[in-house]
Amino acid sequence: MASQSVATGQQGLPPVDIKPLLMKLWPGDVQVEPREIADTIAHFFTNQVTEAQTASLLMALHFTKMDFRADVLAECARAMREAAASIPVQELREAIAKRGKKEGQYHGGLCDIVGTGGDSHNTFNISTTASIIASAIIMVSKHGNKASTSKSGSADIINCMKPRAPNVNVVSPETLTRVYTATNYTFLYAPVFHTGMRYVAPVRKQLPWRTIFNNLGPLANPVEDVLEARMIGVGRRDLGPAFAEALRIAGCRKALIVCGEEELDELSCAGGSLCWMLKETTPGGEVTVEHFKVHPSDFGFNTHPLSEVSGGKEADENAEILGRILHNELPESDPLLDFILINAAAFLVVSGVCEADSSSMGPGDDGKVIEERGPGGQRWKEGVRRARWALRSGEAWKQWQSFVDITNEIASS
């Protein structure tokens with residue numbers, strides 16, 4: 001148990017007593033620097049803090065609502081990334097550059113789409129599906145884990161895919177470059193990269209509330225140094241501004257934070273969604289956050305109640321549906337397909353690829369860019385056009401199969 005081993009910590013590191021910080025966080029006029037909280041949380045990852053004090057800090061952050069503050073999120077996400085396994089940045093950049101996916105205002109870098117979860121809607125694995133679809137066009141680094149609040153997390157559905165599942169456990173800092181020589185898609189299984197989280201997991205499971213780590217996961221992609229763009233869904237609208245500012249503090253230059261008006265951590269197919277978009281005022285210049293709303297009609301779709309979009313299924317059932325989607329077997333009128341295409345389109349939009357003046361994705365692409373702009377000045381319908389091509393052309397399935405093949409090849413070598 002962690003509480004028994006904390007006396008020596010990881011690699012013989014001494015235990016750390018965090019009582020002084022806990023006393024400062026007693027409800028009232030809290031005066032604590034975000035860096036102090038982050039530096040303390042860093043000791044969690046080396047098993048230097050007892051379970052009792054770990055739980056106390058997580059509870060204190062929850063009840064003081066400091067786990068919703070942008071500066072606290074930014075600092076703690078930094079600490080979490082620094083504690084993660086080291087990435088071979090230069091080698092990875094070279095491998096990505098060889099894929100040659102640069103187009104429009106997309107520079108060919110890695111992109112991630114992820115949600116905080118915990119929105120209680122238990123919908124289909126939208127961000128996972130959107131990530132695979134988008135990999136037909138851009139380089140994707142999907143950061144994910146097993147379910148904590150739903151029946152089917154991103155790792156759960158991926159591990160149930162037929163006819164053969166990928167081996168996500170072999171995707172590591174040592175193999176990332178090799179994986180990206182074979183495919184545009186990679187799934188980063190969080191426990192492989194954030195090994196120190198194993199000391200925190202038992203404490204989180206015993207608490208009845210969501211903790212700061214539910215918010216840090218989407219901000220702690222281990223390939224941060226080569227991440228060009230990201231789309232993050234938040235399950236509470238009051239987290240939108242905090243996430244946008246946390247990303248801006250961390251130096252992110254291209255991101256889209258979304259929250260369905262039903263407190264959904266995706267773009268909603270049932271009605272409006274709130275958006276916070278990080279944009280450069282000029283290339284390399286100041287980054288600003290623009291707030292606006294989008295509606296399914298901005299993507300060319302009608303609305304569908306969330307009850308119609310296959311929520312709440314077990315991982316193996318969702319995997320079967322995902323397989324049908326990637327084989328383009330769902331009718332174009334299927335509400336679930338609309339839901340997925342809305343989110344895949346927005347992911348492509350935030351990457352910058354939809355700003356291309358021409359299009360030459362491959363066979364089946366008519367090259368007719370949809371230049372119409374909607375909320376936020378973005379080409380949402382162009383994103384849909386590209387996402388549809390990814391399915392119709394079979395390119396999304398091809399990238400997925402390449403990921404399956406290379407991970408199983410690595411596992412058997």
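Predicted model: local features only at pLDDT ≥ 70, side-chain atom pairs only at ≥ 80, totals over all residues.
Let me start with Pro-163, which lies in the loop between helix 8 (154–159) and helix 9 (176–180), where helices are DSSP runs of H or I with at least four residues, strands are runs of E with at least two, and both are numbered from the N terminus. The peptide bond that leads from Lys-162 to Pro-163 is cis, with omega near 0°.

Residues are numbered from 1 along each chain as its sequence is written, and side-chain values use heavy atoms, with hydrogens and water left out.

Staying with the backbone, Asn-47 has a phi near 60°, a positive value in a residue other than glycine, and Asn-47 is found in the loop between helix 3 (34–42) and helix 4 (51–64). Lys-65, in the loop between helix 4 and helix 5, likewise has a positive phi near 60°. Are these two residues buried or exposed? Taking buried as under 20% relative accessible area, exposed as over 50% and partly exposed as in between, with a 1.4 Å probe and protein chains only, Asn-47 counts as buried at 4%, whereas Lys-65 is exposed at 56%.

Now to helix 13 (residues 240–249), whose buried residues are Gly-240, Ala-242, Phe-243, Ala-244, Ala-246 and Leu-247. What covers these residues, with contact meaning heavy atoms within 4.5 Å, includes helix 5 (70–83) and helix 12 (212–216), together with strand 4 (227–233), strand 5 (255–260), strand 6 (273–280) and strand 7 (287–294). Helix 13 is followed by Gly-251, whose phi is positive, near 95°.

Next, the cysteines: the structure holds zero disulfides, a disulfide being a pair of cysteine sulfur atoms within 2.5 Å.

Finally, the whole chain has 17 helices and seven strands. Of its 413 residues, 57% count as buried, and among contacts between residues at least 6 apart in sequence, 75% join residues at least 24 apart. The C-alpha atoms fill a box of roughly 65 × 50 × 45 Å, taken along the principal axes.
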